[in-house]
Amino acid sequence: MVEDITLFGIGASPGIAIGASYVLDRKRIKPVERKISASEVSEEIKAFRDAVRVSKKQLEDVKQGVADRRLAEHLHIIDTHLLILEDQLLVDDSIALIESDLINAEWALKRTLDKFRIVFDAIEDEYLRDRRSDIDSVGERLLRNLIGADQQSLAELERKSIVVAHDLSPADTMQMDKKRVIGFITDVGGRTAHTAILARSLGIPAVVGLESATALVREGMPVIIDGTSGIVILNPSQATFKEYLEKKQLYEYLEQELLSYRELAAETLDGHSITLRGNVELAEEVDLALREGAKGVGLYRTEFLFMNRERIPDEEEQYLAYREVVERMAPHPVTIRTLDVGGDKLVTDIDLSDEANPALGLRAIRFSLQEGKLFNTQLRAILRASAHGQVRILFPMITGLAEIRSCKNLLEEVKAELAAEGYAFDADIQIGIMIETPSAVLIAELLAQEVDFLSVGTNDLIQYCLAIDRGNEHVAYLYEPLHPAVLRALQMVCRAGQSAGIEVGICGEMAAEPLYALVLLGLGFDELSMNAPYLPRVKRIIRQARRSEALELVTELLQFGTAPEVASCLQKEMQQRFPGIFPVQQIRKAVTDS
Ligand code: PEP
Ligand code: MG
């Protein structure tokens, strides 16, 4: 048997697992078309309804059986699946097809699911596209129940295993007992699918999107998975086994050590403090952010409240959602970003015209300023939520002073409206802007005079600064956070904030990369906001560094003319300072990723 068969996928949940495989038969069921006679219609509809009923019962059972407290906050996923089972489009359309086209229930379900898939596949946004997997899981469960196939359950797993499956539903993941499922790999899936999110919550290493794992892995085969790099090794040789055993030990030692950072202040050895905050999309993520030591929310992406639904949320619904985040995070501040749709983020009920260059089109603040009613509703909801804790408003993709002034005028109008209606709100609510465009960088000094804080969105800033589409894999190699132009842009923004005496933060993905922590500290950022699991990793670097050396490092890096030169100097410096944290291989990976 060939040794060391290496597969490359998407690292969905960090950590290393070494063990024998357990192949879960979750291959897509292939339904067959069968024409039925009119007299068989009621029988097929009954079979379909029975399958829906059984599926609901199974999901209810999964819900009841969830014992792990860390999963309690994710039970809404099962509720979403239960809701899908009640969805008119899925259930009624399938039944209508059985009646109108005289076809068997499985085929009718398949055609309805295909319709859903076409809609979801057209979506560019990764997060939204991954939501398709919820419909797929429900469809698969229904199909299995329709044809009477066995629902192999992970709850029955008897030995410690690495689960290998074509796909895993969130319900499968919730049934995982960490003592037995030590890791999992799947052919399909993305980093932001619920299954991946759950794996991260449970701390189970996982690699998804491997395409051919189920075709290559045999039951009981030895497997190594590295959920950080997305590498999977089948049938490892002695040498590989030993190498990964050491890596696993190092990883676990470092993780253990990380736990101790959660409660500690984000302060350098020479006494300089920096604020670490969490990025959230949903209220449920707030608890995790708090557990990982976030001192507030630095970016609440409200557009996720508008996605995955037919109608946009009204003022009351928005108010309740914002209020929940604010109350959960109290007494720390929550930075609520106004709607950032357009570009790669689409919302069903918002009709954006077909644009040749959506990233340069009607998106973010431009859209909100054009859609006065929608913007007014959101500002009302945010202001009302500000009565329940510390709220800051953040406007996305600002390019000039006129936009800020319009936003501020509208905000004043909304305040007057709410006051007249007797609503409570924070009249001195802090206003901030995202620095995501080169124009905002160039006039950062002027913009800083108008607001209470600046927050750099490096995901977009790098895209616009380097003219690299952030979602285009063909130019991904040019998407360089360490490009001298990006570093200079970040420096200009920090300086502008400092001379205006206001806080400057960063909430793009750059903030979450420990390799960049010293650079950002040295540039002068006051706040770093990131997804919760990265908070202790970044804090560890900050606590082991001196601000003075970070300043020296930045001065040194700014002398280089190309991103690879900056990267190679940075990796050397970081490896020297933190040899345990940045082994050579890992640094190479972070630099190539960037
Ligand atoms: C950014 O652009 O860096 C950012 C934080 O916003 P988003 O990723 O939502 O565009
Ligand atoms: Mg952005």
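I began with the charged end of Arg 384, which sits over the ring of Tyr 319 at 4.0 Å from the ring centre; a charge counts as over a ring if NZ of Lys or CZ of Arg is within 6 Å of the ring centre and within 35 degrees of the ring normal. I then found the charged end of Arg 392 over the ring of Phe 453, 3.8 Å from its centre.

I note that the model is predicted, so that local features need pLDDT of at least 70 and side-chain atom pairs pLDDT 80 or more, while totals for chains, interfaces and linings use all residues. Residues are numbered from 1 along each chain as its sequence is written, chains are lettered from A and ligands numbered from 1 in the order written, and side-chain values use heavy atoms, without hydrogens and water.

Next I looked up the magnesium ion (ligand 2), and found it coordinated by Glu 436 (OE) and Asp 460 (OD) at 2.0 to 2.1 Å. Donors here are N, O and S atoms within 2.8 Å of the metal (3.2 Å for Na, K and Ca), and the site may look incomplete because water is not among the atoms. Glu 436 lies in the loop between β13 (430-435) and α18 (438-442) and Asp 460 in helix α20 (residues 458-466), so the pair ties together parts that are 24 residues apart in sequence; helices (H or I, at least four residues) and strands (E, at least two) are DSSP runs, numbered from the N terminus. Glu 436 is buried at 2% relative accessibility, and Asp 460 is buried with a relative accessible area of 2%, where buried means under 20%, exposed over 50% and partly exposed in between (1.4 Å probe, protein chains only).

From Asp 460 I moved to Arg 363, since the residues in contact with Arg 363 (heavy atoms within 4.5 Å), leaving aside neighbours within four places in sequence, include Asp 460, Gln 463 and Tyr 464. Arg 363 is in the loop between β11 (334-337) and α15 (364-370), and counts as buried at 4% relative accessibility.

Lastly I searched the whole structure for aromatic pairs and found 3; rings of Phe, Tyr and Trp (its six-membered ring) pair if their centres lie within 6.5 Å, with planes under 30 degrees apart stacked, over 60 edge-to-face and the rest tilted. The rings of Phe 375 and Phe 395 have centres 6.1 Å apart and planes at 70°, so this pair is edge-to-face. Phe 375 is in helix α16 (residues 372-385) and Phe 395 in strand β12 (residues 391-395), 20 residues apart, and both are buried.
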